[in-house]
Amino acid sequence: MIITRGIMTRVHNPPKDLVPPHVQKLVPYKPGKPPAELQKELGIEEFINLASNENSLGPPQTVLAAIQEASQRIHRYPEVGGLKLRQALAERYNVKLENVAIGSGSESILANTIRAFLHGDDEVITADGTFIGFYVLVNAQGIKLHKIPLKNYRFDLDAIANAINERTKVVYLCNPNNPTGTIFDREEFETFMNRVPEHVLVILDEAYYEFTKGDQDFPNSMQYRLDNVLTLRTFSKAYGMAGVRVGYGLGHEMLIDYINRIKLPFEPSVMAQAAAYAALQDKEYMDRTLENNQVGMEYLEKNLDRLGIKRVNSWANFILIELGSEEKVASTNDALLRKGIAIRPLTAFGLATCMRITVGIPQENEKLVAALEEIFAN
Ligand SMILES: Cc1ncc(COP(=O)(O)O)c(C=O)c1O
């Protein structure tokens with residue numbers, strides 16, 4: 001940077017040893033081209049984004065109204081305890097206020113959990129083939145991360161339990177798993193928890209929990225009383241609020257207390273807290289979301305099968321397809337983008353031969369299937 005105005009000028013690169021070694025090793029995030037730019041470059045009229053597991057129904061109207069109302073108060077800081085939203089969540093889950101943390105997205109709570117509980121020689125275990133945000137956060141703290149391969153696209157809880165040692169402090173599980181959409185069931189979870197020593201904190205990321213719709217096989221963490229489990233959920237997916245940034249954590253009051261000590265005091269924002277409070281009451285939007293997801297998922301499953309594209313059964317709002325080679329992933333991705341459709345190649349998740357499709361609204365799903373049909377016919 002060259003400063004050309006001012007009393008003092010100093011022109012040099014900041015010293016490299018300013019950056020700790022574990023931060024030097026971080027690979028910069030490479031975002032895809034923004035849809036608007038691609039749209040212009042390729043002359044596409046309408047761009048369909050099925051790449052980020054967002055809710056394609058658009059924002060809930062009740063939330064828009066709540067944001068409008070809360071905007072009258074943006075000259076004020078949010079109330080530090082986030083009490084109204086936390087109380088509503090506590091009531092929803094039949095726990096105490098002290099068992100609820102809120103943050104700017106569940107990823108913020110994940111970051112604060114890592115900062116609160118991990119240091120030095122502590123070690124972390126998770127799967128190779130789960131939410132990359134977790135890898136980034138752990139690596140950013142310079143904490144040793146063990147990644148256990150998925151088994152048939154699912155968390156291998158046996159292998160994870162076998163890998164726990166005296167330095168293991170945290171195990172991260174994602175259920176349903178992003179990007180595979182698979183779950184581990186109640187029996188697998190209970191067997192696993194019986195093997196996890198008390199000194200290990202299990203982070204159970206249930207960002208897609210709503211889409212499991214009370215499936216009897218799904219181990220809803222809030223139906224257990226496990227004090228070494230921290231549950232993470234979010235308003236970004238089923239609630240249609242990814243851009244607002246609100247998530248929450250549910251767990252033992254000691255865990256929540258330390259997470260709250262680490263967290264930035266004023267997150268989430270005034271508008272985000274009001275939006276999440278309104279979203280919690282909006283049953284109609286949630287019902288519509290789950291209905292759209294079920295119809296869309298069935299449609300995609302049927303058509304992927306018809307086209308002979310290998311897929312993995314999903315409990316979430318996305319579906320993983322296996323294309324057999326990295327080249328096929330690259331060419332399919334390119335061809336879809338040229339048709340104005342974005343889905344997610346999964347190299348960064350450790351699944352280089354796979355792609356992930358978010359369930360859209362019917363017309364988006366139909367356009368995707370038509371595009372795949374054309375691409376795979378050639
Ligand atoms: C498994 C999982 N956890 C956490 C997140 C982050 O969600 P949030 O928007 O609440 O930060 C995502 C987002 O894609 C996710 O897939």
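Helices (H or I, at least four residues) and strands (E, at least two) are DSSP runs, numbered from the N terminus. This is a predicted model, in which local features need pLDDT of at least 70 and side-chain atom pairs count only at pLDDT 80 or more, while totals for chains, interfaces and linings use all residues. Residues are numbered from 1 along each chain as its sequence is written, and side-chain values use heavy atoms, with hydrogens and water left out.

Helix 11

- Helix 11 (residues 283-306) has 24 residues and reaches 35 Å from its first C-alpha to its last, close to the 34 Å expected at 1.5 Å a residue (1.5 Å times one less than the number of residues).
- Gly308, with a positive phi near 70°, follows helix 11.

Cis peptide bonds

- The bond from Asn178 to Pro179 is cis, with omega near 20°; Pro179 lies in the loop between strand 5 (168-174) and helix 8 (186-195).
- Glu267 and Pro268 are also joined by a cis peptide bond, with omega about -10°; Pro268 is in the loop between helix 9 (253-262) and helix 10 (270-281).

- Most residues other than glycine have a negative phi.
- Tyr153 has a positive phi of about 65° and is located in the loop between strand 4 (144-149) and helix 7 (157-163).
- Tyr153 is buried, with a relative accessible area of 16%.

How values were computed: Buried < 20%, exposed > 50% of the residue type's maximum accessible area, 1.4 Å probe, protein only.
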